[in-house]
Amino acid sequence: QVKLVESGGGMVQPGGSLRLSCVGSGFNFNIFVMRWYRQAPGREREMVAHIDSYGGSLNYLDSVKGRFTISRDNAKNTVYLQMNDLKIEDTAVYYCMRPAYANWGQGTQVTVSS
């Protein structure tokens, strides 16, 4: 059974940092592209970051470039999203996703508020 489990969300003040983690199981994590998405209330889900199976081909949503970094540790079946200089508009539920089979995690809430 394929599972994606996110963790690391929480509430931070503007300018703060969080690191999200997503552990994959039930599939050969090493060979798949992975992505992070987010969905804010009343808005459509949007792709935040993309990483290929080797840890390259990084792509980011324009509004997070220079602040967010996606990475992965294939030995731990884990993809990360380091989020720095968080802004109020980054508030959303963040989801891990395996595009090849449209598998999604349950999401983790990130709230940026003063």
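Modeller: Buried residues have under 20% relative accessible area, exposed ones over 50%, and partly exposed ones lie in between (1.4 Å probe, protein chains only). This is a predicted model, in which local features need pLDDT of at least 70 and side-chain atom pairs count only at pLDDT 80 or more, while totals for chains, interfaces and linings use all residues. Residues are numbered from 1 along each chain as its sequence is written, and side-chain values use heavy atoms, with hydrogens and water left out.

Colleague: Is K87 buried or partly exposed?

Modeller: The side chain of K87 meets that of D85 in a salt bridge (a Lys or Arg side-chain nitrogen within 4 Å of an Asp or Glu carboxyl oxygen) at 3.6 Å, N to O. The relative accessible area of K87 is 30%. K87 is therefore partly exposed.

Colleague: Which parts does the salt bridge of D90 and R38 tie together?

Modeller: The two side chains meet at 3.0 Å, N to O, and both residues are buried. Strands are DSSP E runs of at least two residues, numbered from the N terminus. Because the partners are 52 residues apart in sequence, the pair ties R38 in strand β4 to D90 in the loop between β8 and β9.

Colleague: Which residues do salt bridges that share partners join into one network?

Modeller: D90 also meets R67 in a salt bridge of 2.7 Å, N to O. R67 lies in the loop between β6 (59-60) and β7, so this pair ties together parts that are 23 residues apart in sequence. The network consists of R38, E46, R67 and D90.

Technical notes
Helices (H or I, at least four residues) and strands (E, at least two) are DSSP runs, numbered from the N terminus.
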